[in-house]
Amino acid sequence: MKVLYFAEIKEILQKDTDQFQIDDEMTVEAFKQYLFEKYPEIDGKKFQIALNEEFVQPHEKINQSDVVALIPPVSGG
């Protein structure tokens with residue numbers, strides 16, 4: 001799966017994309033836990049998950065062919 005990082009997450013990880021290989025589908029919540037184990041520096045950061053350009057709920061499934069985006073909250077001003 002392709003993963004896109006934006007804003008604060010992109011700055012912390014110092015990259016804007018990743019490619020992960022998953023053998024089976026996983027929930028959005030399980031994917032977040034996987035990310036926190038791989039990148040502990042983003043654990044506790046607030047962000048929403050978009051799956052194929054649509055925001056999703058924690059129970060929804062991610063497949064190998066999906067594009068996942070981590071989008072931190074946007075502040076106005």
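First, the ground rules. This is a predicted model, so local features need pLDDT of at least 70, side-chain atom pairs count only at pLDDT 80 or more, and totals for chains, interfaces and linings use all residues. Residues are numbered from 1 along each chain as its sequence is written, and side-chain values use heavy atoms, with hydrogens and water left out.

Let's start with charge. Side chains of opposite charge can pair when their charged atoms come close. A salt bridge here is a side-chain nitrogen of Lys or Arg within 4 Å of a carboxyl oxygen of Asp or Glu. The count by that rule is two.

Take E8 and K45. Their side chains form a salt bridge at 3.2 Å, N to O. That pair links distant parts of the chain, 37 residues apart. E8 sits in helix α1, residues 7–13, and K45 in the loop between α2 (28–38) and β4. Helices (H or I, at least four residues) and strands (E, at least two) are DSSP runs, numbered from the N terminus.

How accessible are they? Buried means under 20% relative accessible area, exposed over 50%, and partly exposed in between, with a 1.4 Å probe and protein chains only. E8 has 34% relative accessibility, so it counts as partly exposed. K45 is partly exposed too, at 31%.

Next, D18 and K15. Their salt bridge is 3.1 Å, N to O. D18 is buried, at 13% relative accessible area. K15 is partly exposed, at 29%.

Now D66. Which side chain of opposite charge is nearest to D66? That is K61, 11 Å away. Lys and Arg count as positive and Asp and Glu as negative; His and the chain ends are not counted. D66 is buried yet has no salt bridge.

Where is D66? In the loop between β6 (61–62) and β7 (67–71). Contact means heavy atoms within 4.5 Å. Leaving aside neighbours within four places in sequence, D66 contacts M1, K2, L51, N52 and K61.

Two of those names lead us to the strands. Two strands pair if DSSP finds at least two bridges between them. Strand β4, residues 48–51, runs antiparallel to β7, joined by four bridges. I49 faces L70 of β7 there. β4 also pairs with β5, residues 54–55, again antiparallel, over two bridges. L51 has E54 in β5 as its bridge partner. Two residues lie between the strands of that hairpin, and N52 takes a positive phi near 55°.
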